[in-house]
Amino acid sequence: MTAITTDTDAPDDSRARRNVAVLVAAQAILGAQLPMQFIAGGLAGLSLAPTPLLATLPISLIVFGSMTTAPWISPLMQKRGRRFGFVLGALAGALGAALAVLGLLWANFVVFLLGGYFTGVYMSTLGFYRFAATDTASAAFRPKAISYVMAGGLLSALLGPQLIKATSDVTVIPFLLSYGVIVLLNLVGLWLFFLLDIPKPAAPAADAPKGRTKWQLLTTPAIAVSIICAMVSYALMNLVMTSTPLAVVGCGFATGNAADIVSAHVIAMYAPSFFTGHLITRFGTTRVVGAGLMLLAAAGVTGLSGVTLFHFYGALILLGLGWNFGFIGATTMLTANHDASERGAVQGMNDALVFGCVTIASLSSGGLMSFGVGADGMTPDQAVAGWNAVNTAMVPFLLLAGGALVWLRMTRRPV
């Protein structure tokens, strides 16, 4: 069943454009904390963790927090509205960064991990910005609305890593000021959400038809394939990105090099969003998602080809482009196949599954990068071996998503 998401009011694209502008600003300001978290998390974790094997656990806790938040935050926004959920997420982000500050001050890995979990609550609400962009949009504007909001991440990609470079070594304890800046970003950015004009979905009438069950939603072919492709696109991006700072520094380059590479990666994640929506309108979601999967494969090949700065930049840029096409295409496919009454259930279920896979990928990243590393730290040879293992691990998941997409195109007309 292909349904169009609607609210009580007819879609008003002038209102939708205003909401998109607010969400773009929120993506840029509040979203800057995520590249900061992903650069600092693994390196700070390496200094606090009892073993290098747990270095990326703080990042894994962020993703785990996002996974466990999505199932309840989406229905909550269905009931209380987008603004309520987004403000709650920003407050959780501020709390998470404050706990990270305490964890660094006290050299307490457990407190630092707890901060990561609350950051994950914020990360979950960030994921719903793209869905909120469609709430008041017409069917024609919906792919562009998603794409424009994701494009706001381009500014966060520029801002976040530069903030890390400016703050990471200012204090005696590395990254202490970085997490303080993240607290400030959340407390300033949350005020943007009071400019949103998104009505809460009307409560269904007693005699209204019931929406599909979660099982029925999951077994709808287009929904199932969109979730699989979103899971693979996001999980593989996270798998490689999480391990990149460890690999770059482990291969003898500076923390600043790692920050610049992650910055280039995040730019590649979001810069195409200015035209991804137009590509989806022109070529369809399955073709755009397929292109994303091929770009992810190209990133893996590049990563396996060498460990020079050129190879790191090339792999991470291709990784970002692949995520953009794969994830935005999958999101658009999902929004075209459920209605307003199913929004809370299907969007929460989608993000719970997506970030569940991302959690596994993040945990796996640390294990793959640190396998065989002793108490004395990671040698360059071990960094190369770990990096190769990370990139090789992409193969079976790309085959899964690619097979699902081919199956969908063979069994129905393109969507």
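The sulfur of Cys-357 lies 12 Å from the closest cysteine sulfur, that of Cys-229, which is too far for a bond. A search of the whole structure accordingly returns zero disulfides, a disulfide being counted where a pair of cysteine sulfur atoms is within 2.5 Å. The structure is a predicted model, in which local features need pLDDT of at least 70 and side-chain atom pairs count only at pLDDT 80 or more, whereas totals for chains, interfaces and linings use all residues. Residues are numbered from 1 along each chain as its sequence is written, and side-chain values use heavy atoms, with hydrogens and water left out.

With a relative accessibility of 28%, Cys-357 counts as partly exposed, whereas Cys-229, with a relative accessible area of 1%, is buried; buried means under 20% relative accessible area, exposed over 50% and partly exposed in between, for a 1.4 Å probe and protein chains only.

Helix α11 (residues 221-250) and helix α16 (residues 343-370) pack at an angle of about 30°, and their axes are 8 Å apart. Helices are DSSP runs of H or I with at least four residues, and strands runs of E with at least two, numbered from the N terminus. Axes are lines fitted to C-alpha atoms, for helices over the stretch in contact, and angles run from 0 to 180 degrees between N-to-C directions. Helices α11 and α16 are therefore roughly parallel to each other, where angles under 35 degrees count as roughly parallel, over 145 as roughly antiparallel, 65 to 115 as roughly perpendicular and the rest as oblique. By class, the contact of α11 with α16 has 18 nonpolar, seven polar and no charged residues; Ala, Val, Leu, Ile, Met, Phe, Trp, Tyr, Cys and Pro count as nonpolar, Asp, Glu, Lys and Arg as charged, and the others, Gly among them, as polar.

For helix α12 (residues 255-270) and helix α15 (residues 309-335), the axes come within 7 Å and cross at roughly 30°, which makes α12 roughly parallel to α15. The contact of α12 with α15 has 13 nonpolar, four polar and one charged residues.

Two serines were also examined. Ser-147 is placed in helix α7 (residues 142-151) and, at 1% relative accessibility, counts as buried. Residues up to four places away in sequence aside, Ser-147 touches Ser-273, Phe-274, Phe-275, Thr-276, Gly-277 and Ile-328, contact meaning heavy atoms within 4.5 Å. Ser-47, in helix α2 (residues 33-48), is exposed, with a relative accessible area of 58%.
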